[in-house]
Amino acid sequence: MSREFDVLVVGAGPAGIAAAATAAESGLHVGVVDDNPAAGGQIWRSGALLPAAAQRWKARLAAAGVVRLQGWRIVDCPEPGAARAERNGAEITRDPESEGRRDLRYRHLILATGARERFLPFPGWTLPNVMGAGGLDAMVRGGLPIAGKRVVVAGTGPLLLAVAAHLTSRGARIVAICEQASAAQMAPLMMQVLRRPGKLWQGASYRWATKKSRYLTRCWTVAALGDERLRSAILQRDGKQWCVECDVLACGFHLVPNTELAALLGCRLENGFVATDERMQTSVPGIWCAGEPTGIGGVELSLLEGQIAGLAAAGKTSAARRLAGRRRGALGFVRALERACQLDPQIRDLPREDTVICRCEDVRLGALLGRGGWRDAKLHTRCGMGPCQGRICGGATEFLFGWHADSVRPPVFPALVSSFLEPDAASELASPKEAL
Amino acid sequence: MAEAAGSITVTVNGVAVRVTPGTTVASATLIAGTQTRVSVAGEPRAPLCGMGICFECRVTIDGAPHQRSCQILCEPGMQVTTRGEPA
Amino acid sequence: MTPAWDVAVVGAGIVGAACARECAARGLQTVVIDAAGVGGGATAAGMGHIVAMDDSPAQLALTRWSQELWHELSPKLPREVEFESRGTLWVAADEEEMAEVRRKQGVFAAAGVAAEILDSRALAEAEPQLRKGLAGALLVPADGVLYPPAAAAWLMGEAIRMGAVMITSQRVIAAARGLVRTDNGKEYSAKRIVHACGAAGTDLLAELPVRKRRGHLVITDRYPGFVHHQLVELGYLKSAHSIASDSTAFNVQPRQTGQLLIGSSREFGAEDSTINYPLLRAMLQRAASYLPGIGRLQAVRVWTGFRAATPDKLPLIGPWPGDDSICLATGHEGLGITTSLATGRLVASEIMGEKPGIPAEPYFPVRFLEADHGSPTPTLYGEAAHG
């Protein structure tokens with residue numbers, strides 16, 4: 001198994017697939033490290049019918065001779081040109097021969113680390129069966145039967161519709177889709193989606209698929225109720241509250257970019273996103289970034305950015321420049337999406353003093369009130385000190401208090417102590433062009 | 001016990017759960033109707049993000065604690081334990 | 001003109017907080033200034049081990065007294081300080097180190113510190129995760145563990161309750177001759193200035209005989225019961241007189257949360273917070289040689305911090321020759337958490353002209369000026385065991 005690559009891509013969603021395939025088709029030796037059991041990222045997760053573009057790109061990736069570390073994650077980058085990868089479940093010793101860790105080397109690194117949902121706290125949001133919208137979608141694609149279940153989908157953004165559509169096709173009963181934005185706020189985005197039928201998340205068809213459900217704008221969940229698990233949700237619209245019984249509450253307030261690895265590598269961030277030039281190169285030469293970490297723009301833009309990064313890393317500057325022109329034209333969608341998902345300030349008032357904000361350490365709102373900032377809160381309340389390393393509560397405290405989760409410390413994901421105490425046994429044996 | 005064609009059996013807290021290949025351990029715990037972990041303050045928790053970010057779905061698999069069950073696929077005979085000590 | 005304050009404490013780490021609390025308790029008008037907030041520097045980076053240490057009689061006197069003060073305080077400490085009398089196990093690998101165990105027990109006994117010798121079997125029973133075949137250990141039951149930022153915050157809260165004022169919005173740029181100036185142009189006149197800024201102290205007093213000594217720590221996820229005591233190797237003694245700048249030692253601490261803190265490393269000449277991977281690896285290999293199962297635990301974070309090291313491994317507490325207004329409270333190396341309370345007492349005694357609780361002279365900064373006119377000699381920096 002190769003450990004040295006011309007190009008190492010982190011993430012196998014649309015941007016990562018496009019970057020890896022494009023770079024490999026240009027003759028480079030390419031590796032992809034992806035945390036999920038299968039390629040596709042969140043949007044092209046297997047377990048459901050995939051759009052034609054997904055099938056095309058997955059086929060291209062398969063044909064391009066890319067070395068794939070699927071179910072692996074980068075945990076640290078100890079020095080320039082080096083990345084340490086760990087296999088998920090490395091401690092589960094089912095096959096004593098299987099490796100749990102690899103030290104990888106690269107000339108170019110393309111970060112296609114995608115985005116996660118923004119979770120915002122409200123009373124009861126920690127109850128079992130309150131999940132992310134994308135989270136529930138992923139669980140269903142990962143084998144969770146949903147037929148006949150009553151589901152409330154809530155939050156903001158086009159993802160809610162996509163999830164509702166998919167769940168409907170699996171037999172779920174969508175009780176309500178609660179979009180916190182107003183119809184007027186969403187309209188410009190919907191116009192863009194409708195104008196281009198192939199547009200990301202295919203808004204029009206999702207709208208059709210969910211027409212039997214209640215799609216409510218200016219509506220959100222004020223509380224989830226239940227003892228050991230969710231029983232019902234209290235919804236609010238225009239000051240009026242009512243209770244609906246449900247089996248699952250799927251909540252997601254748009255997306256937060258996964259920028260932790262970029263920050264660890266010293267790449268400059270701008271307004272929370274990874275800053276790149278036209279060729280998708282970050283402030284660190286040889287490190288490129290594509291897809292959601294540079295701005296939440298969906299599949300089409302991610303594919304473009306992935307191709308640009310892959311071509312540019314391969315030195316195909318003029319081809320990259322041609323695509324960069326198309327990318328400029330597509331950037332308007334990022335801004336439209338951002339405006340549409342602008343959060344209503346009333347949502348800040350949902351958590352009570354006893355509502356958990358940091359789920360890893362059970363830090364409640366009351367403990368955070370009056371804290372001077374992220375670091376102060378971290379030191380004195382343990383907020384963000386748990387294994388998620390602030391990935392969940394960081395997005396919430398940014399919205400609630402305007403705090404910015406600052407320093408990123410290694411490992412970028414929790415990693416085995418053994419990953420730091422010994423070199424990867426086989427790393428010296430690797431040769432760059434070794435066959436799979 | 002013979003495996004039905006196209007299915008995998010794992011145990012969740014000692015109870016056999018039959019799932020289709022490709023099912024994540026997190027989905028298996030939900031099928032088994034159990035939470036995944038007990039929070040540091042003693043509250044039941046279950047999967048949230050489904051993509052390996054939130055660490056709410058951590059369970060013990062074959063004796064190894066703190067496994068993100070949403071990123072690991074069921075394999076025949078896997079022993080999954082939830083509701084361990086607060087973590 | 002009468003100074004506005006009796007005391008201005010520069011630095012709100014655990015040492016500054018302890019000084020402020022003692023000063024405020026004596027009715028002194030006290031202001032504390034630290035742009036990083038309470039406990040944001042070395043206090044946040046350290047382990048939080050309350051430990052009796054016997055590298056020298058003066059070190060033992062200070063650590064033992066301070067440990068007593070922590071125990072006196074412990075009933076008042078809130079839950080989030082996580083104070084626990086875990087006890088330290090000084091682990092002996094072989095017979096040579098067992099001889100040191102016996103010597104150490106004698107020294108501790110003479111100083112009134114109870115300590116119990118564990119043989120090989122008793123050690124294996126006390127800590128089953130330790131590798132087989134270790135010779136034994138010295139158990140010091142009174143040693144404790146706490147969470148330093150919360151302890152500092154509590155001490156500062158007490159100081160404020162007794163009238164001290166905390167200022168976090170300004171960075172101190174000068175502090176001498178009875179005047180503290182900050183980066184936004186504010187001035188605080190004070191009869192005495194307490195310098196308690198740890199390894200950053202040389203920014204304000206260039207001639208301070210303090211050097212930054214960087215350390216690495218790793219914290220794991222929760223594994224309750226993996227180890228029960230703070231475990232420290234005695235093996236450092238074999239290289240105790242080495243003056244090589246980089247060293248590592250096995251030092252593992254169980255936190256109340258069930259997490260493990262894994263240390264320790266020491267290096268000079270490193271000024272930034274980046275990780276020295278070869279040193280980190282050596283440190284973890286050392287830990288794994290004692291706790292073979294540690295490699296299978298998940299590490300959540302790795303970080304570095306700076307100890308304020310002095311040439312003789314004793315802190316600088318007391319008047320600063322040449323400026324009657326300055327009283328130092330720095331140079332605690334790896335023992336700042338342990339000795340913060342005693343430091344606060346000594347500083348307050350100095351300011352009030354009281355008789356100190358223990359002889360204060362061994363910690364007076366003047367000892368270096370007498371020796372070599374104030375410029376610390378790098379080759380004097382030896383190995384310290386802990387922190």
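Predicted model: local features only at pLDDT ≥ 70, side-chain atom pairs only at ≥ 80, totals over all residues.

Reply: A nonpolar core joins buried residues through side-chain atoms within 4.5 Å. Here the largest such core has 109 residues, and A:Ile74, A:Leu249 and C:Ile294 have the most contacts inside it. Helix H7 of chain C (residues 277–290) contributes the most to this core, namely seven residues. Apart from it lies another core, of 53 residues, which includes C:Ala17 and C:Leu77.

Me: Which residues does C:Ile294 touch, not counting those up to four places away in sequence?

Reply: C:Ile294 touches A:Val417 and A:Leu421 in chain A, and C:Phe226, C:Val252, C:Ile262, C:Ala287 and C:Ala288 in chain C.

Me: How should I read strand E13 of chain C: are its residues buried or exposed?

Reply: One considers each face of a strand in turn. In E13(C), residues 230–233, C:Gln230 and C:Val232 are buried on one side, and C:Leu231 and C:Glu233 are buried on the other.

Me: Which strands are joined to E13(C) by bridges?

Reply: Strand E4 of chain C (residues 88–92) runs parallel to E13(C), with four bridges; within this pair, C:Val91 stands opposite C:Glu233. Strand E14 of chain C (residues 247–254) runs antiparallel to E13(C), with two bridges, and C:Val252 in E14(C) is the bridge partner of C:Leu231.

Me: How many salt bridges are found across the interface of chain A and chain B?

Reply: There are four. One salt bridge joins the side chains of A:Asp35 and B:Arg68, at 3.0 Å from N to O. The area buried between chain A and chain B is about 3,300 Å², with 56% given by carbon and sulfur atoms.

How values were computed. Residues numbered from 1 in each chain as written. Chains lettered and ligands numbered in written order. Heavy atoms only, no water. Buried < 20%, exposed > 50% of the residue type's maximum accessible area, 1.4 Å probe, protein only. Pairing = 2+ DSSP bridges. Contact = heavy atoms within 4.5 Å. Buried area = accessible area lost by both parts, 1.4 Å probe.
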